[in-house]
Amino acid sequence: MALPNGRDWFGLNSGLCIHPFNLAKELSATGHRQCWAQIFDLRKEAIQVGRIASDAKSVMQHAQENQNQVETGGSTGQPCPERNDLTPGRSNSPSLQSAGEFAHTQQADVFERFFTLSLDMMCVAAPDGYFKRVNPAFKALGYSERELLTRPFIGFVHPADVNATLLEVEKLAQNVPSVHFENRYRCRDGTYRWLSWTTAPDASGTLYAIGRDVTEMKRTQDALARAKEAADAANAELEAFSYSVAHDLRAPLRSIDGFSQALFEDFADKLDDGGRRHLRFVRESAQRMAQLIDDILKLAHVTRQDLVRRPVDVSAAARAVCVRLERAEPDRVVEVNIEPGLCCQGDARLLGVVFDNLIGNAWKFTSKRQGARIDVGAVKKGNVTEFFVRDNGAGFDMAYASKLFGVFQRLHTSDEFEGTGVGLATVQRIVSRHGGVVRAESQANAGATFYFTLSETETII
Amino acid sequence: MSTAEAPKVILLVEDNPMDEELALRALKKSSVAYTVVVAHDGVEALDYLFARGACASRAPEAMPQVILLDLKLPRLDGLEVLKSLRLDERTKLLSVVILTSSLEEQDLVRGYTLGANSYVRKPVDFVEFTEAVKQMGRYWLTTNAVPPHA
């Protein structure tokens, strides 16, 4: 194809090697837009032909030399554009003037140091499809420098990634920098590593790239995804199991309670006080077991639920619980003080459960106190907010504080205060799912204060 | 001329014989006149409702005033029964009360989505259960109005 300026397609005859993409830019500049399509269709062939031209040139140059040993340098060695089995070595020959384009100068000293030091791979690639310089980090692939420089870089790419890589190179030819482009490179031992490339072209079409080995990261991401899948599957199974358990365990309890009551009613005249008392205990036990089942289910449910973090009006949540308690027992007189404007980043629903339990406990354990009082507020500890629920009720002996949050653990008898011992275990589970901590302080008969944080800042994400 | 009103029919769909006996016992305590028909699984329930199979000779006017439907049943479960009867012209307007052990949200949602009129969780406490059934009986057999049967 003849060009307006008289040069032929790749300047083969004139000994020039013109990068086809630059050619395309030139043509567009001169208004030959109709050439675009043809040019990009021929891009691969162009690279191929361009390389042949360059090959021819360097073979001619070498042939004019006397014996030239070019060794693969250490970190400061100059790469050699070898195409055959010539033993590589260092050379100061003027024939390596093409490599001289990439020679380091005074100003490039800084570049050289970092180039050498970098843990990431750094390289320069020419429009002909070969690496011209590679830094020592490339050793990770297992090839010698010479091997890296004497093969088109596309040859190292995993077959499945070749097309995508070529497309990326084409984008670069249009001066669009490429960021975080991932592909797989084959190592000398045949394994593949995932590399993430950030590449920028210069005006001549030379590519400057940094490649980061992301194989481990991808492996970790994969493992994480699989672990999450497994966790989700386990949760679903647990869900089905709990549902079944709850349903199936309740039926016999209903029978125990129901027929005890039937016995009580139908044979009242045949039963004395002792008999009636036995039946009462049977019924109470069945009902208590039902309550335990419900509480365990709630606890299990709390663990399984997805945590949705949003801004939550903590004061309002606390107030809602208090209103509910007041409605259920309108005869009780309790002074309630809730600090206004409390808020946090957390799951509103689960926070409601926390207050249900903490304020519910405060309410319960002040039931025998004249002048019962419940306070809800917050204190700042550094950049973490600690919320608290304080009451002046029965309190507990600090000696047993470590048992407070155990499942089914209680510090009072059922005669003193009813309960199943699951409430605080539930609170602890919710709080720790938020990344926070719950603790309590108390003095027997002088009330108790429960503190909890819902801090994200303490959680490493 | 006055027609003696036939006692209203309650269809109790319950597979557990002990739960059945306790439900019947509780119903007896409500002071409303009624007849109870018991189906022990979903298939029996639909046979009765569609007057087919074993119940082919069922009097057509003996359609239930209310259906007390357990969810966990052998062969055809409660929700499938509900789906079927809501699809059929003859039964789609019948009052259905889901009476079950489960208070799981998914059951509540599915029940109401399929067209249940009410959802009551069977308590373990029998005294509580009796009270609930008494209230239900009064409500569905007396207070609640139903469209005339086709």
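Both A:Phe138 and A:Trp197 are buried, where buried denotes under 20% relative accessible area, exposed over 50%, and partly exposed in between (1.4 Å probe, protein chains only). The model is predicted, so that local features need pLDDT of at least 70 and side-chain atom pairs count only at pLDDT 80 or more, while totals for chains, interfaces and linings use all residues; side-chain values use heavy atoms, with hydrogens and water left out. Residues are numbered from 1 along each chain as its sequence is written, and chains are lettered from A and ligands numbered from 1 in the order in which they are written.

Aromatic contacts come first. Rings of Phe, Tyr and Trp (its six-membered ring) pair if their centres lie within 6.5 Å; planes under 30 degrees apart count as stacked, over 60 as edge-to-face and the rest as tilted. Helices (H or I, at least four residues) and strands (E, at least two) are DSSP runs, numbered from the N terminus.

A further pair, A:Phe156 with A:Tyr185, is stacked, at 6.3 Å centre to centre and 10 degrees between the planes. Because A:Phe156 lies in the loop between H6 and helix H7 (162-173) of chain A and A:Tyr185 in strand S3 (residues 178-186) of chain A, the pair ties together parts that are 29 residues apart in sequence. A:Phe156 is buried, with a relative accessible area of 0%, and A:Tyr185 is buried at 4%. The residues of both pairs belong to one aromatic cluster, formed by A:Phe131, A:Phe138, A:Tyr143, A:Phe153, A:Phe156, A:Tyr185 and A:Trp197.

Strand S3 of chain A also holds A:His180. This residue has a positive phi, near 55 degrees, although it is not a glycine, and A:His180 counts as exposed at 58% relative accessibility. A salt bridge is a side-chain nitrogen of Lys or Arg within 4 Å of a carboxyl oxygen of Asp or Glu. With A:Lys218 in helix H8 (residues 215-266) of chain A and A:Glu182 in strand S3 of chain A, the pair ties together parts that are 36 residues apart in sequence. A:Lys218 is partly exposed at 22% relative accessibility, as is A:Glu182 at 30%.

Salt bridges over all chains number 37. Helix H9 (residues 273-304) of chain A contains A:Arg280 and A:Glu284, 4 residues apart, about one turn of the helix; their side chains form a salt bridge of 4.0 Å, N to O. In helix H9 of chain A, A:Lys298 and A:Asp295 are 3 residues apart, again about one helical turn, and their closest N and O atoms are 3.8 Å apart in a salt bridge. A:Lys298 is exposed, with a relative accessible area of 53%, whereas A:Asp295 is buried at 12%. Salt bridges that share partners also connect A:Arg254 with B:Glu14, B:Asp19, B:Asp70 and B:Lys122 in one network.

Chain B, which contributes to that network, has 5 helices and 5 strands. Along the sequence its pattern reads β-α-β-α-β-α-β-α-β-α. Of its 150 residues, 49% count as buried.

In chain A, A:Arg439 takes part in two kinds of contact. Its side chain is joined to that of A:Glu386 by a polar contact of 3.0 Å; such a contact is a pair of N or O atoms within 3.5 Å, where within protein one must be able to donate a hydrogen and the other to accept it, and residues adjacent in sequence count only if both atoms are side-chain atoms. A:Glu386 is found in strand S10 (residues 384-391) of chain A and is buried, with a relative accessible area of 6%. The charged end of A:Arg439 also sits over the ring of A:Tyr451, 4.1 Å from its centre. This description applies if NZ of Lys or CZ of Arg is within 6 Å of the ring centre and within 35 degrees of the ring normal.
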